[in-house]
Amino acid sequence: MNSVLERETLSVNLANTIERDIISGKLKPDTLLASVRTLSDEFKVSRQVVLSSLEMLEQKDLITRIERKGVFVKARDMQRKNREILFFAFAEQVECHTISRAMQALINKPAQARCYDFFSRIISSGDISDERLDHELNKFKTLGFLDGAVIYPHGLSPEAIRRCITQLPYPVIIVGDLPHGDYNDLQYSQLRPDQNHMAKVIMDYAAANDFTEFVHICRADSTYGDISDLVECLKKRAAGQPFKLRQIAVSGNTPAEIELNFRRELDKIGQNSRGRTLVFKTDVVSDDFNQGRLLPHRQFPNIELLTMDDPCEASILRIQRSFADFDFKLNRALEACLPAANRRYLRESIKYADKVISS
């Protein structure tokens, strides 16, 4: 391991150890910490590592240096009220994602309305290589003032997500769904969107507007559980409805091939539609669909197009997404996993507050 990186990692680990003792009460307020030399001998690290870890604790406002007296644990009422949380997001057009928007809304609230302060790192374009991810994680490790991490993993591979959970030196909360399922061998919290409400909103809209057919098109190779959950929720809610549900999975080796096959399916729908048809697209990238250039309304007046994407053309229906309980659930997850003593990791669902609107 690189000597500088090794020293930084040792410093973070020592700072975390001392912080746990402070939070648990083992090191009480106003306690004089051992000298740098004593800490160096006790933890078998260099004095430079000890000094670096003390700087991190000072940045966290957990200790204070008094000239000629030493380093003391701060009294509770002197410690900062808010903890600092990393928000790390990686996805194409991440600013359009509902979870990212919910996080940004929380971050932008006045300080007095938040229980935590946030440090954001958002990567919204391009592929993230192993080298790039290592670079980002190494930076996060050396930010001594951070207490926890909220990660939106939409654009990360399963292995990259695993590395985020295992390599960051503080508790991790995943917001959103995980590709290829959960990591049952790791400790982390997760807030996962509940797709049942969106399925209800769409079905109620289709029934209220006298559609005879509802077509849901998604990618065949989607690895995200939220799409498969939505597929199952739509199937369950279709029972007893006055319209027919048809679900189509499009495949392809490249995004361009997937979109080509998606267009072919839309052509078939246009040719075979006999009544009012609602076409709902998820997990397929198509600007032409969102802009109304596929199955244009003037040519196919009985076909309505529905998307979750934003922005889209005025004739396209859109699902306006927001969360009913995002702030509450995130605060609860943070409160459970941040204390070093009695730390708990939660897995909970967050509920959408969806509605179908005209763009």
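**Helix packing and aromatic pairs**

Helix 5 passes helix 6 in a right-handed crossing. Before I go on: this is a predicted model.

I will stay with these two helices for a moment. Helix 5 covers residues 130-141 and helix 6 covers residues 158-167; their axes come within 11 Å and cross at roughly 20 degrees. That angle makes helix 5 roughly parallel to helix 6, because angles under 35 degrees count as roughly parallel.

Which residues meet there? On the helix 5 side they are Asp 130, Leu 133, Asp 134, Leu 137 and Lys 141, and on the helix 6 side Ala 160, Arg 163, Cys 164 and Gln 167. Sorted by class, the contact of helix 5 with helix 6 has four nonpolar and four charged residues, plus one polar residue.

Now the chain as a whole. The protein chain has eleven helices and 14 strands. Along the principal axes, its C-alpha atoms fill a box of roughly 85 × 40 × 35 Å. There are 359 residues in the protein chain, and buried residues make up 48% of them. On contact order: take the contacts between residues at least 6 apart in sequence, and 69% of these join residues at least 24 apart.

Next, the aromatics. How many aromatic pairs does the structure hold? The number is eight. One of them is Tyr 205 with Phe 211, 6.2 Å centre to centre. The planes of Tyr 205 and Phe 211 are 35 degrees apart, and the pair is tilted. Phe 211 has a relative accessible area of 3%, so it is buried, because the cut-off for buried is under 20%.

Another pair is Phe 323 with Tyr 352, and this one is stacked: 4.6 Å centre to centre, with 20 degrees between the planes. Where do the two partners sit in the chain? Phe 323 is in the loop between strand 12 (317-320) and helix 11 (326-337). Tyr 352 is in the loop between strand 13 (347-351) and strand 14 (355-358). The pair therefore links distant parts of the chain, since 29 residues separate Phe 323 from Tyr 352. Are Phe 323 and Tyr 352 buried or exposed? Both are buried.

Last item: Phe 214, Phe 243 and Phe 280 form one aromatic cluster.

Conventions:
Residues are numbered from 1 along each chain as its sequence is written. This is a predicted model: local features need pLDDT of at least 70, side-chain atom pairs count only at pLDDT 80 or more; totals for chains, interfaces and linings use all residues. Side-chain values use heavy atoms; hydrogens and water are left out. Axes are lines fitted to C-alpha atoms, for helices over the stretch in contact, and angles run from 0 to 180 degrees between N-to-C directions. Helices (H or I, at least four residues) and strands (E, at least two) are DSSP runs, numbered from the N terminus. Angles under 35 degrees count as roughly parallel, over 145 as roughly antiparallel, 65 to 115 as roughly perpendicular and the rest as oblique. A crossing is left-handed if the near helix is turned anticlockwise from the far one by less than a right angle, and right-handed if clockwise. Contact means heavy atoms within 4.5 Å. Ala, Val, Leu, Ile, Met, Phe, Trp, Tyr, Cys and Pro count as nonpolar, Asp, Glu, Lys and Arg as charged, and the others, Gly among them, as polar. Rings of Phe, Tyr and Trp (its six-membered ring) pair if their centres lie within 6.5 Å; planes under 30 degrees apart count as stacked, over 60 as edge-to-face and the rest as tilted. Buried means under 20% relative accessible area, exposed over 50%, partly exposed in between (1.4 Å probe, protein chains only).
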